Structure formats: structure tokens, C-alpha cells
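This briefing summarises selected local features of the structure shown below. The points are grouped by topic.

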Amino acid sequence: MGYEKRVWDLGRVREVEERHTFRLPPPGKREKKEKPTPEAVKRNNHRRMARQRRMQTEMYFDENDCYLTLTYPKDRRPADMTECKKDWRKLMGKVRKEYKKRGGELRWIRNCEKGTKGAYHIHAIVKELPQADENGEPFRDRKGQPLPMMSALKLIQTIWRKEMEKGKVVGEYLREDVEKLAEYISKTPESSKDSGHEVLESHCSASRNMPLPPPEVKRYSRWKTFEGREVKVPKGWILDKSSLKETVNPYNGFPRREYRLIRADGGKKSVRRC
């Protein structure tokens, strides 16, 4: 009898999940469980997606990076989600060329959405465009001429509005509360109900150059379950109480607990306009 703890070390933050498995069932949970409903499966899939996006945001982005919203004019809206995703791929293809000129690596997380009024738009987190090399010198083109100073927001605005003739791009620097941002940027029609930001259709994706570290797994056989016990916070860390969630696995009916630990001397992300 026992349970396992999975810990993802993301630097400033540690994501922790305590759960029972089929091999380590909690007391009184050996009975056969019913098949989870489609709604329960969707909720669980969204939970996992939001956690992955949250961890990627924590690990690869900081307060110098941008959260963007790209819109379409009424007469240029995409016909469907496939066309909206195609527009994003075309945009990123053009943006990536500018990052390569400056020795930067383009990273992004985006959600293509269709609002309740039928308007498509895109929410995205984008890594800031490098402004100078490691020596503080401006980047130069093949002819040796310095490249103009330009932010990621300005670059994407220029391509989206002028080259691709789409709509507006507005942005701000990343918020401190990455959990809410991850929930928002990975929202689905089901998860957005009654939120004030409902969508009829959505598709969340991220660049492939943001792998997450495998979790450190610890198994506890001395304790029957973590239910009813306080979270043990290591020295030098602080429990983010707002992140503490106790749920039930829809696949096996076993309890599950998730929370986030923040380094006591860790920095905070501020909110500024791009």
C-alpha cells in the first residue's frame, strides 16, 4: 500500500503531483471503477494540456517575453480552423527568418480560437527577439550593415498587418500568474463555459523546441495515502497555496493532489506593455 510523488524541477518552480496508481491503490479503492464519461475525459485532457503549457511557460519564458492577441478584420476572417492554423504557420515561417538573422531561437505557444460570434483570433506567447549579440553589439546583415532594432511585437505586427494583410496585433509582457495564463491559452469550448471568454472551437499548440524534463518519481510505502495530510514543503521553498488542487482521477477513481513550490529567493514576473 502506498502512493507516488512526481516532481518536475523547472528552476524557479517545482511542479508536484501526488497520486495513487493501479499498483498502489488507496485504502478502500479496490472495487472496479466505471468507465469515465466523455466529459470527464475532456476535463482530464484539458488539465494535462494546461499543466504542460504552464510548465513550458515557466521554463522557457520570462517577463521580457510577450503575450499577443492577433485578430482579423471582418472581411478577411478565415473560413475555418484549418485556414486559421495555416495563417499562423505562414506567419511563424516569416518570423523565424528574422530570428535566425539575429541568432535567436523562436519559441511560442498559441491557441487558435473561434469566438461565440464566429470571429477567429489567435492568442500566443512568443519569445522576445534578441536585440544584440553576447558582446552587446548590434546584429548585422550579410553586407555588414547593422540590423534595425525591433521587438517581437513590432516584427509580428509588421508581417501580420502589412505583408499578410490581416488584422491587428496587441500585446503585453508576461503576467506573474502563469497558471491563469496557461489555463486561458489552452482553453477549449468545454473549459471556457461560463467563464466570460467562451469559444466555439479552439486548437492549442506549441513549438517543438521546448521539451520538459522527466519528473523525479518517489514511491512511498510507509504511508497509505496522502489524503488528509499537509503538504511537506522543503527548506528554501514556498507553497503556492492557490495551486493546491485535490481531485479524483476519472480513469480509476483514485485521489490525486497537485501543487506548485516556488523558490523563496525566486524572482517575480512583472506586467508591462510591449
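In this predicted model, Glu165 counts as partly exposed because its relative accessibility is 43%, a value between the 20% limit for buried and the 50% limit for exposed. Glu165 belongs to the loop that lies between H3 and strand S6 (169-173). Its phi angle is near 55°, which is positive although the residue is not glycine.

**A further positive phi angle**
- Asp194 is a residue other than glycine with a positive phi, here near 60°.
- The loop between helix H4 (178-185) and strand S7 (199-206) contains Asp194.
- Asp194 has a relative accessibility of 77% and therefore counts as exposed.

**Positive surface patch**
- A patch of positive charge on the surface is formed by Lys154, Arg161, Lys162 and Lys168.
- Arg161, one of these residues, is part of helix H3, which spans residues 152-163.
- With 47% relative accessibility, Arg161 counts as partly exposed.

- Arg6 is located in strand S1, which covers residues 3-9.
- Arg6 counts as buried because its relative accessibility is 18%, and the term applies under 20%.
- When neighbours within four places in sequence are left aside, the contacts of Arg6 include Glu15, Val16, Glu17 and Arg19.
- Arg6 is also in contact with Pro215, Glu216 and Val217.

Notes
Residues are numbered from 1 along each chain as its sequence is written. This is a predicted model: local features need pLDDT of at least 70, side-chain atom pairs count only at pLDDT 80 or more; totals for chains, interfaces and linings use all residues. Side-chain values use heavy atoms; hydrogens and water are left out. Patches are made of residues with over 30% relative accessible area and no salt bridge: like charges are joined within 9 Å, nonpolar side chains (Val, Leu, Ile, Met, Phe, Trp, Tyr) within 5 Å. Accessible areas come from the Shrake-Rupley method with a 1.4 Å probe; for residues, only the protein chains shown count as cover. A salt bridge is a side-chain nitrogen of Lys or Arg within 4 Å of a carboxyl oxygen of Asp or Glu. Lys and Arg count as positive and Asp and Glu as negative; His and the chain ends are not counted. The place of a charge is taken as NZ of Lys, CZ of Arg, CG of Asp or CD of Glu. Helices (H or I, at least four residues) and strands (E, at least two) are DSSP runs, numbered from the N terminus. Buried means under 20% relative accessible area, exposed over 50%, partly exposed in between (1.4 Å probe, protein chains only). Contact means heavy atoms within 4.5 Å.
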